[in-house]
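Biologist: Please put the structure up, and then I will ask about the contacts inside it.

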Amino acid sequence: MSYQQKFSVWRGDSDGGDFVEYDVEVNEGEVVLDVVHRLQATEAPDLAVRWNCKAGKCGSCSAEINGRPRLMCMTRMSTLPQDTTVSITPMRTFPVIRDLVTDVSFNYEKAREVRAFVPPADLAPGEYRMQQVDVERSQEFRKCIECFLCQNTCHVVRDHEENKLAFSGPRFLMRVAELDMHPLDAAEDQEGLNRKAAAQDEHGLGYCNITKCCTEVCPEHIKITDNALIPLKERVVDLKFDPMFIRRRKRKSK
Ligand code: SF4
Ligand code: F3S
Ligand code: FES
């Protein structure tokens, strides 16, 4: 079954833009990205859109559909009302390059600020052993496809550009949480890096007031807030009362 659907697509670039109305054919089983491709093939050959896999795995086709941050390739047209215009806009938190394509380099900068896993000095590659429970704990976070929908949605940066400097966002705080939970990470012993203190001081964990909007939009259904951010916050509080940590910090500041 086919039908005609009205779309309002944001067109423009870094200098500004506006919504352009289109009337497009939709066929049974299609997703929003199919319609965007039909638009490119018919009325709007110069419409810019980023995508790769069309299977919800590359994280490229993030946009806002009817104001909701979604993957275009995983949003079925049958879930959207047919009697009203469907709006498609680029992610709001990142600067627009053109049309639906945004510059997400903020996220790569934040990724680089998270210091890498430090393997124990006395273990050779292949000798690492971990309990299954520890493997499973971080496996959930490893499902991340880096679509940056959580980064786009979190109000700490969505509504406050000025916070981008101090706040790494849910995706990268989750990475810090994962490293902090890692039983073989020797960053503290070898480099004096306390991951909990870094989460608070370098990555802005304190800005997160656990609204859980990041979790709501995650297409991989990762429980970012409950399983990464809240446990990390709890461990940061523990740290405040850890006499060893307090002593080490005092010694450092002398
Ligand atoms: Fe996307 Fe979820 Fe990864 Fe955030 S945590 S970047 S929403 S997959
Ligand atoms: Fe933002 Fe998620 Fe915290 S939306 S405020 S990082 S719970
Ligand atoms: Fe890869 Fe949508 S095209 S996630």
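**Strands, salt bridges and rings**

Modeller: Ser8 stands opposite Ser87 in β5. The model is a predicted one.

Biologist: How many bridges join β1 to strand β2?

Modeller: β1 and β2 make a hairpin, with two residues between them. Within this pairing, Gly12 has Gly17 in β2 as its bridge partner. The strands run antiparallel, and the bridges that join them number 12.

Biologist: Is Gln5 buried or exposed?

Modeller: Gln5 sits in strand β1, which covers residues 2–13. Residues beyond four places away in sequence that touch Gln5 include Tyr22, Val24, Met77, Pro81 and Val86. A residue is called buried when its relative accessible area is under 20%. The value for Gln5 is 0%, so Gln5 counts as buried.

Biologist: Which residue has its backbone oxygen 2.9 Å from a polar atom of the side chain of Gln5?

Modeller: The residues touching Gln5 include Gln82, Thr84 and Thr85. The backbone oxygen that lies 2.9 Å from a polar side-chain atom of Gln5 belongs to Thr84.

Biologist: How far apart in space are Gln5 and Glu202?

Modeller: In sequence, 197 residues separate Gln5 and Glu202. From C-alpha to C-alpha, the distance in space between Gln5 and Glu202 is 47 Å.

Biologist: Which parts does the salt bridge of Arg92 and Asp159 tie together?

Modeller: The closest N and O atoms of Arg92 and Asp159 are 2.7 Å apart, and the two form a salt bridge. Arg92 is in the loop between β5 and β6, and Asp159 is in the loop between α5 and α6, so the bridge ties together parts 67 residues apart in sequence: the β5–β6 loop and the α5–α6 loop.

Biologist: Is Asp159 buried, partly exposed or exposed?

Modeller: The cut-offs are under 20% for buried and over 50% for exposed, with partly exposed in between. Asp159 has a relative accessibility of 46%, so the class of Asp159 is partly exposed.

Biologist: How many residues apart are Glu178 and Arg142?

Modeller: The side chains of Glu178 and Arg142 meet in a salt bridge, with 2.7 Å from N to O. Glu178 belongs to helix α6, while Arg142 belongs to the loop between α3 and α4, and the two are 36 residues apart.

Biologist: What are the relative accessibility values of Glu178 and Arg142?

Modeller: Glu178 is buried, at 6% relative accessibility. Arg142 is exposed, and its relative accessible area is 56%.

Biologist: Where does Arg195, the salt bridge partner of Asp185, lie?

Modeller: Asp185 and Arg195 form a salt bridge, with their closest N and O atoms 2.9 Å apart. Both residues are buried. Asp185 is in the loop between α6 and α7, and Arg195 is in helix α8.

Biologist: How many salt bridges does a search of the whole structure find?

Modeller: Shared partners join Arg11, Asp46, Arg98 and Asp99 into one network of salt bridges. For the whole structure, the search finds 19.

Biologist: Which residues form one aromatic cluster?

Modeller: The structure contains five aromatic pairs. One cluster of aromatic residues is made of Tyr108, Phe148 and Phe172.

Biologist: Which residue lies over the face of Phe106?

Modeller: A charge counts as over a ring only within 6 Å of the ring centre. At 5.5 Å from the centre of the Phe106 ring, the residue over its face is Lys164.

Notes. Residues numbered from 1 in each chain as written. Chains lettered and ligands numbered in written order. Predicted model: local features only at pLDDT ≥ 70, side-chain atom pairs only at ≥ 80, totals over all residues. Heavy atoms only, no water. Salt bridge = Lys/Arg side-chain N within 4 Å of Asp/Glu carboxyl O. Helix = DSSP H or I, 4+ residues; strand = E, 2+ residues; numbered from the N terminus. Buried < 20%, exposed > 50% of the residue type's maximum accessible area, 1.4 Å probe, protein only. Contact = heavy atoms within 4.5 Å. Polar contact = N/O pair within 3.5 Å; in protein donor to acceptor, adjacent residues only side chain to side chain. Phe/Tyr/Trp six-rings, centres within 6.5 Å; stacked < 30°, edge-to-face > 60°. Lys NZ or Arg CZ within 6 Å of the ring centre and 35° of its normal. Pairing = 2+ DSSP bridges.
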